[in-house]
Structure formats: C-alpha cells, structure tokens
Amino acid sequence: ARHREAAHAMLDAGTAYRCFLTDAELDDIRTSARAAGKPVRSPYRSGEITPPADGAPFVVRLRMPDEGETVIDDLVQGRVTVKNILLDDLVMLRRNGSPTYMLAVVVDDHDMGITHILRGDDHLNNAFRQYHIFAGLGWEPPCFGHIPLIHGADGAKLSKRHGALGVDAYKEMGFLPEAVINYLSRLGWSHGNVELFSRTEAEAWFHTDAIGKSPARFDMEKLRSVNAHWLRQM
C-alpha cells in the first residue's frame with residue numbers, strides 16, 4: 001500500500017503517467033525503439049492516444065526527462081553522466097497494482113532514512129533510474145557508491161569453482177573470522193601497504209576514497225596465508 005501511495009503521488013505531480021498499452025502493442029514499440037536506438041516511450045506519455053474507458057488495466061510509468069543529462073557523483077566511480085534520452089520510462093506499478101523493484105527500493109530506502117548505498121557496479125545503471133524516482137517524489141537521493149565485482153584468480157567472474165562459497169564452508173575448513181574479514185576487507189580496498197589488520201582497525205580506517213575502480217581477484221592461497229597469521233596470533 002505504501003508503494004502504491006508513492007506511485008499515485010507521482011501521478012498527481014505529473015512525474016508519472018498511466019500507460020494502457022497491451023503486451024502486443026508494447027512489443028511493437030519496443031521493436032521499433034530498439035531498431036532506432038531509442039528508449040521505450042509510450043504514446044500515452046504525451047496524450048497522443050486517448051485513454052480507454054474507465055476500468056481498463058494500466059501500468060504506472062516514470063516520466064523520464066527528454067532533454068539534458070543526469071549526473072551522479074559516485075563515491076567510487078567518480079562523476080558519471082548519462083543523457084536522459086537514453087533512459088526508458090520504466091514501469092513502477094504493474095497492472096495488478098504490485099510495485100516493481102525500482103519503486104519499492106526507492107520508497108523503502110527513503111522511509112528507512114538510508115543515506116548511502118554501496119553495491120556492485122553491475123547496479124550502476126539502476127542508480128540513474130532510481131535517482132529520477134527520488135526526484136519525482138521530491139526526495140533527496142542518497143549518496144551512491146558502486147564497487148567493482150570480485151573476480152577469480154583467472155580474471156573471470158567469481159563462481160563456486162573459484163571459492164565463492166558460503167561463509168559456513170570456510171568455517172568448516174578452519175578459516176578464522178578474523179582472517180576472512182581481514183582478507184575480504186583488503187579486496188579492492190587498502191590502507192597504504194598494510195596487509196594484516198584487525199576488524200577494529202578496518203572500521204577505523206575504512207573510507208570510500210580508498211576503494212579501487214578495477215575488479216579485485218580472489219586468491220585462495222593469499223587467504224590461507226592471512227589465516228595462518230591469525231592462527232599464530234592465537
């Protein structure tokens with residue numbers, strides 16, 4: 001209900017609109033837009049088509065700006081810019097009234113007072129869309145930071161064959177919490193040349209300025225070496 005309330009507030013403000021396209025009509029528009037290298041824009045956005053009679057099913061779409069650029073000063077990636085014409089009018093409420101992820105996460109983050117969002121850089125494109133939902137609701141967007149993903153030693157995306165296991169598996173293999181936290185903290189972040197540090201030190205030293213922009217590589221041998229250090233400390 002809270003998410004629907006936000007979507008209807010955007011309808012009232014004109015930052016969202018009702019779209020009555022059928023699936024077949026939307027497929028045709030998507031095909032044409034893809035061929036032209038343009039984002040999806042519904043004809044209901046500008047009133048080109050008269051809405052059907054009351055009671056017809058509709059989705060609620062975000063009204064993206066047609067002109068200008070969106071700029072995000074990312075805590076990790078720096079200043080990132082995208083032309084607004086490249087952003088599609090995403091769906092925020094489905095025909096059955098259920099919210100999509102994009103709307104729900106913005107409303108939840110606002111209501112919980114979230115000030116900083118740190119996540120994988122595969123979500124960077126989402127930031128521009130979420131930025132406009134925050135703006136459409138008249139809310140101050142949080143600070144975004146998009147961190148490179150961790151790769152395996154061979155440079156490929158991290159998977160189970162590289163050691164992407166649950167933390168319980170490492171516990172069973174004899175790795176100490178201090179070692180796992182120490183090693184994972186050092187992946188993609190650094191405090192000078194310090195390799196071995198406690199969780200307390202990591203908390204005191206950590207700052208987004210020191211996060212690297214390139215993917216880190218998970219090295220099991222290095223983790224074993226760090227674990228050996230913490231075992232000796234015991």
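## Two helices crossing

The axes of helix H1 (residues 2-13) and helix H3 (residues 101-111) come within 10 Å of each other and cross at roughly 100°. Axes here are lines fitted to C-alpha atoms, for helices over the stretch in contact, with angles running from 0 to 180 degrees between N-to-C directions. That makes H1 roughly perpendicular to H3, a label for angles of 65 to 115 degrees.

So who does the touching? On the H1 side, Arg2, His3, Ala6 and Ala7 make the contact, and on the H3 side Leu103, Ala104, Val107, Asp108, His110 and Asp111 do; contact means heavy atoms within 4.5 Å. Sorted by class, that gives five nonpolar, two polar and three charged residues. For the classes, Ala, Val, Leu, Ile, Met, Phe, Trp, Tyr, Cys and Pro count as nonpolar, Asp, Glu, Lys and Arg as charged, and the others, Gly among them, as polar.

## What you're looking at

This is a predicted model, where local features need pLDDT of at least 70 and side-chain atom pairs count only at pLDDT 80 or more, while totals for chains, interfaces and linings use all residues. Residues are numbered from 1 along each chain as its sequence is written, and side-chain values use heavy atoms, leaving out hydrogens and water.

Helices (H or I, at least four residues) and strands (E, at least two) are DSSP runs, numbered from the N terminus.

## The largest pocket

About 190 Å³ of space lies in the largest pocket. On a 1 Å grid over the protein atoms alone, a pocket is an open set of points with protein on both sides within 12 Å along at least five of seven lines, and lining residues have an atom within 4 Å of a point.

Helices H5 (167-172) and H6 (177-186) are the elements giving two or more residues to this lining, and H6 gives the most, with three. By class, the lining has 11 nonpolar residues, one polar and no charged.

## Two residues up close

Is Ile72 buried or exposed? Ile72, found in strand S3 (residues 69-74), is buried, with a relative accessible area of 5%. Buried means under 20%, exposed over 50%, and partly exposed in between (1.4 Å probe, protein chains only). Leaving aside neighbours within four places in sequence, Ile72 is in contact with residues including Phe128, Tyr131 and Phe144.

Pro215 sits in the loop between helix H7 (199-205) and strand S9 (216-217). Pro215 is partly exposed, at 42% relative accessible area. Not counting residues up to four places away in sequence, Pro215 touches Pro148, Leu149 and His151.

Methods. On a 1 Å grid over the protein atoms alone, a cavity is a set of points where a 1.4 Å probe fits but cannot get out, and a pocket is an open set with protein on both sides within 12 Å along at least five of seven lines; lining residues have an atom within 4 Å of a point. Grid points are joined across faces, edges and corners, and a volume is the space filled by probe spheres set on the points. Angles under 35 degrees count as roughly parallel, over 145 as roughly antiparallel, 65 to 115 as roughly perpendicular and the rest as oblique.
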